[in-house]
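Please find below my note on the model, arranged as numbered points. Each point takes up one topic.

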Amino acid sequence: MNKLYIGNVSAEASEEDFETIFEQWKIPHTGPFLVKTGYAFVDCPDEKTAMKAIDVLSGKVELHGKVLEVEHSVPKRQRSCKLQIRNIPPHMQWEVSANRLLTASRVGHHGAAQLSSHLVKLNGSMMENYALKVSYIPDETAALEGASAGGRRGFNARGPRRSSSPSLGARPKVQSDIPLRMLVPTQFVGAIIGKEGATIRNMTKQTHSKIDIHRKENAGAAEKPITIHSTPEGCSSACRTIMEIMQKEALDTKFTEEIPLKILAHNNFVGRLIGKEGRNLKKIEQDTGTKITISPLQDLTLYNPERTITVKGSIEACSRAEEEVMKKIRESYESDMAAMNSETVHLFIPALAVGAIIGKQGQHIKQLSHFAGASIKIAPAEGMDAKQRMVIIVGPPEAQFKAQCRIFGKLKEENFFGPKEEVKLEAHIKVPSFAAGRVIGKGGKTVNELQNLTCAEVVVPRDQTPDENDQVIVKISGHFFACQLAQRKIQEILAQVRRQQQPKPTSGAQPPLSRRK
């Protein structure tokens, strides 16, 4: 969620004022500021930047005599009865924090209509010298469920379904982390920009994109790169508009040569775009009626890791091809990002709950995987009478948090646990056998401290035989927050072990020279 809401805005504030503030605090943003009476909106390139803007600006920066309030932009129809509370004192146990928060404001006893006042009351309040930061957690499916709700939902053997379960509909469109990069003939750049920038300004507004034309790059070159930041749909719309502008300009100037679509892509993604024996590329050509060629590896340099994908065909055909090509490139990027900081957790759920987690025709687990940004699979049952099934979750820490949170919540919503019963599950993570002792600590000191801190049960069975990767299992049992905190603390121990194992530079060795970019 990268869109920000800026509140308590003075009537004198302008778009230029916000540009100055964000530039001063070195906070990047995509697209223009939408300034209204008393508030404004802006898009950030990613979640990390949005969180930085909230932490740095909210309640701290003044504009025209008013202190700005910055938070995630959540439409009213998507506001659930859930708040995200950050900056809780790190040494406090979850139960203690929760009890104090409920004492300060009885959030758990009210609906969404009264949640706003609680948010205002808690946000910025102090807890042991820590200023709490509170914002809404969006209900990803509230809009869809509101539209489709027409009658009372049926009851099953386990009781009524809860309306807050993730639905099967489409999620809101978010900006892609991978921009669309194009090459256009230099002679058409003026037409794309338009008189006093009118054409590109209009294009930016219509396609909700940020478009950069790199006119100063490669002085005298026959082609100039263009970078388009937007949602996948916005990128495609801007690309099509640019192709139409170039075609019109070619007719007006009696330019007779064919103008192909040229897409720039990092070489790391091109192999997967082509596919084994060129199958992926051939399929795109067949499905779109285009001819696609890719520049040779020999054209790559240290300073130019991009290859040129040339697409020939009608504007309609090239537009369809661009969508398919960029879809493959974005999938490759997302796969690489997930693998960089990936963790594997085995979460054990009641065997009877498998159907609820998978959903009809597998739609729920697909939606859950997409929402969390993690790979989620149900392992086969270990026997006919197995009472538990293993859910394999692979993804970075944030994805683990989202996926496990939804699974815990789903089990509660579907009444696999009683109304007053807390959902407690067992999770397994694998650690290198040589690091197991560090998790246990001398005389069990570390593992006992872990249990006291997290309120989770942490067990490292001593009679384990390491697997083929020389890893052993650590078992973690408890409620959601206890499990999450224990997982994070164990990962911190493992990271410390890895750092200590890194070879140290020998004395007298010269530090490596930094390479100029």
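1. Where is the place of E277? E277 sits in the loop between α9 and α10; helices (H or I, at least four residues) and strands (E, at least two) are DSSP runs, numbered from the N terminus. Phi of E277 is near 55 degrees, a positive value in a residue other than glycine. E277 is exposed, with a relative accessible area of 59%; buried means under 20% relative accessible area, exposed over 50%, and partly exposed in between (1.4 Å probe, protein chains only).

2. On the basis of the note: this is a predicted model, in which local features need pLDDT of at least 70 and side-chain atom pairs count only at pLDDT 80 or more, while totals for chains, interfaces and linings use all residues. Residues are numbered from 1 along each chain as its sequence is written, and side-chain values use heavy atoms, with hydrogens and water left out.

3. A positive phi of about 50 degrees is also found at H64, which is not a glycine. Most residues other than glycine have a negative phi. H64 lies in the loop between β4 (62-63) and β5 (66-67) and is partly exposed, with a relative accessible area of 39%.

4. The axes of helix α9 (residues 267-274) and helix α10 (residues 279-288) come within 5 Å and cross at roughly 70 degrees. Axes are lines fitted to C-alpha atoms, for helices over the stretch in contact, and angles run from 0 to 180 degrees between N-to-C directions. The two helices α9 and α10 are therefore roughly perpendicular to each other (angles of 65 to 115 degrees). On the α9 side, R272, L273 and I274 meet R279, N280, L281 and I284 of α10, where contact means heavy atoms within 4.5 Å. By class, this contact of α9 with α10 has 4 nonpolar, 1 polar and 2 charged residues; Ala, Val, Leu, Ile, Met, Phe, Trp, Tyr, Cys and Pro count as nonpolar, Asp, Glu, Lys and Arg as charged, and the others, Gly among them, as polar.

5. T308 belongs to strand β18 (residues 306-312). T308 is buried, at a relative accessible area of 18%. Apart from neighbours within four places in sequence, T308 is in contact with L183, K262, I263, L264, T293, I294 and S295.

6. Helix α17 (residues 480-501) has 22 residues and spans 32 Å from its first C-alpha to its last, close to the 32 Å expected at 1.5 Å a residue. Among the buried residues of α17 are F480, L485, I490 and V497.

7. For the protein as a whole, there are 17 helices and 24 strands. Buried residues make up 40% of the 517 residues.

How values were computed: Expected span 1.5 Å × (residues − 1). Parallel < 35°, antiparallel > 145°, perpendicular 65-115°, else oblique.
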